[in-house]
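The entries below are in the order in which I looked things up.

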Amino acid sequence: MKRRNLVQGLGLAATVGSLGWLGGCASIASGKGPKVVVVGGGYGGATAAKYLRMWSDYGVDVTLVEPQASFVSCPISNLVLGGSKSMADITSRYDGLVRRHGVRMVRDTVEQIDPQRRTLKLASGAELAYDRLILSPGIDFMWDKLPGMNKPGMQEQVLHAWKAGPQTLALRQQLESMPDGGVFAMSIPQAPYRCPPGPYERACQVAHYFKQAKPRSKVIILDANDDVTSKGPLFKKAWAERYAGIIEYRPKHELSDVDGRVLKFEFADDVKAEVLNVIPPMRSGSIAVKTGLATANARWCEVDFLTFESKAARNIHVLGDSIQIAPLMPKSAHMANQHGKTCAAAVLALLTGKEPNRLPIYNNTCYSFVSDEDVVHVASVHRYDADKKTMLTVPGSGGVSVAANELEGRYAMAWARNIWSDTLS
Ligand SMILES: Cc1cc2nc3c(=O)[nH]c(=O)nc-3n(C[C@H](O)[C@H](O)[C@H](O)COP(=O)(O)OP(=O)(O)OC[C@H]3O[C@@H](n4cnc5c(N)ncnc54)[C@H](O)[C@@H]3O)c2cc1C
């Protein structure tokens, strides 16, 4: 659908035009329209920023605050650990958002939000004002649950690599330096956490590398959950058929602490390994917690699924991994991208006095590489339920792969290129 048709479909074009917001120039934000500030240039925030500009016909002034110089994708980052992709393959520039869409990028970190004054304080000391604020700060880790990880040097030595970037490369280097015959031990927190199938894909990638380069080495998965949380039968099949003798899966292993190179559990024996990968329990990005938006168990932000407006603060919308999810809704890049579009359309409706769409529908596909080529997927469709005021999976929608195969590997890479383009170009 062409952009103008989509704007008309949303019923926004006439209102936006009659208010005189049309900048007509995508190179810079006009500065005359309503001001929306987006915090976090990841999958949720960058998508919301781009679509707010496009669907307002470049009439809404959008500022995106993000500390990183470039966008580094968590999806496909496990393949960097496996050795078949590089950091360059998962890194994109923010240029498209600025040059093509006129998003004003501010490379900074938001330190404080004042919901009454509708202002943000940045680490640089600058202040930004907003009419509506969109927060997509991803996740942060609950280090207080693992006291040993707060000792000096521990977080540099025992990596999570659960935010793609320098730790992804550092963990790959630890695997390369590990002697053949060594053990890689990975801990998985209780769900919900970012990307349910991600740890199991990671185990496959590390095992794939060991099979080629260090065949006497082992991968031990220590999962706090009762069983594999996503695509269980497909992962277990891959472990049995491709990585027998390499991958060992131990459920019901909730990590209680880390001491040097030893993982400690309340109800199980310690595990010592040459390379540890601790994926800690997580919650909403710190800025959301600090602003008092994490109302669900002091961890996740509750929102109205029609608009993504926070249940704790007016004019602030939260999306992506930071939200308290609806049943069976994964914390995924695909989902954050869908949140970004739904939120952009709702914010534009609210800015123009319209009613937001009353029946949002999202879909999700999560691909997982079980080798450098073969892939499995799980897909679902989620629809708003007005009675329950939440998103429910559409009965009979979605599904899972029958078996891992190379054709799905090509679909997975096409999915990645499409979502990078949809988010940033
Ligand atoms: C190993 C791994 C593999 C994955 N694979 C897949 C996959 O195959 N498919 C899939 O759909 N999902 C996958 N995911 C999940 C996906 O990466 C996340 O669900 C997605 O990134 C969530 O988007 P988000 O916008 O909420 O957060 P993010 O993409 O993490 O973006 C948050 C942004 O906010 C910024 N930020 C935080 N605080 C502030 C602040 N105070 N001021 C300014 N900026 C701030 C951060 O710098 C960051 O850029 C994977 C995740 C991992 C870890």
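How do the residues of the shell around the ligand divide into nonpolar, polar and charged? I worked on a predicted model, and in it I counted 15 nonpolar, eleven polar and six charged residues in that shell.

Entry on the shell. I found 32 residues surrounding the ligand, and I noted Gly 44, Glu 66, Ser 136, Arg 194 and Asp 321 as the closest. I then looked up which helices contribute, and I found that helix 3 (43–55), helix 4 (77–82) and helix 11 (333–351) each supply at least two residues of the shell, while the largest share, three residues, comes from helix 11.

I looked up oxygen atoms of the ligand and found one at 2.9 Å from an N or O atom in the side chain of Ser 136. For the backbone, I noted a polar atom of Tyr 43 at 3.2 Å from a ligand oxygen, and an N or O atom of His 334 at 3.0 Å from a ligand oxygen. I also noted that the protein covers 90% of the 1000 Å² of accessible area that the ligand has on its own.

Entry on the helix pair. I turned to helix 7 (residues 166–177) and helix 8 (residues 198–213), whose axes come within 11 Å and cross at roughly 35 degrees, and I recorded the crossing as right-handed. On the helix 7 side I listed Leu 171, Arg 172, Leu 175 and Glu 176, which meet Arg 202, Val 206, Tyr 209 and Phe 210 in helix 8. I sorted the residues of this contact into five nonpolar, no polar and three charged.

How values were computed: Residues numbered from 1 in each chain as written. Predicted model: local features only at pLDDT ≥ 70, side-chain atom pairs only at ≥ 80, totals over all residues. Heavy atoms only, no water. Near = heavy atom within 4 Å. Polar contact = N/O pair within 3.5 Å; in protein donor to acceptor, adjacent residues only side chain to side chain. Areas by Shrake-Rupley, 256 points an atom, 1.4 Å probe, with all protein chains shown as cover. Helix = DSSP H or I, 4+ residues; strand = E, 2+ residues; numbered from the N terminus. Nonpolar A, V, L, I, M, F, W, Y, C, P; charged D, E, K, R; others polar. Axes fitted to C-alpha atoms, helices over the stretch in contact; angles between N-to-C directions. Left-handed = near helix turned anticlockwise from the far one by under 90°. Contact = heavy atoms within 4.5 Å.
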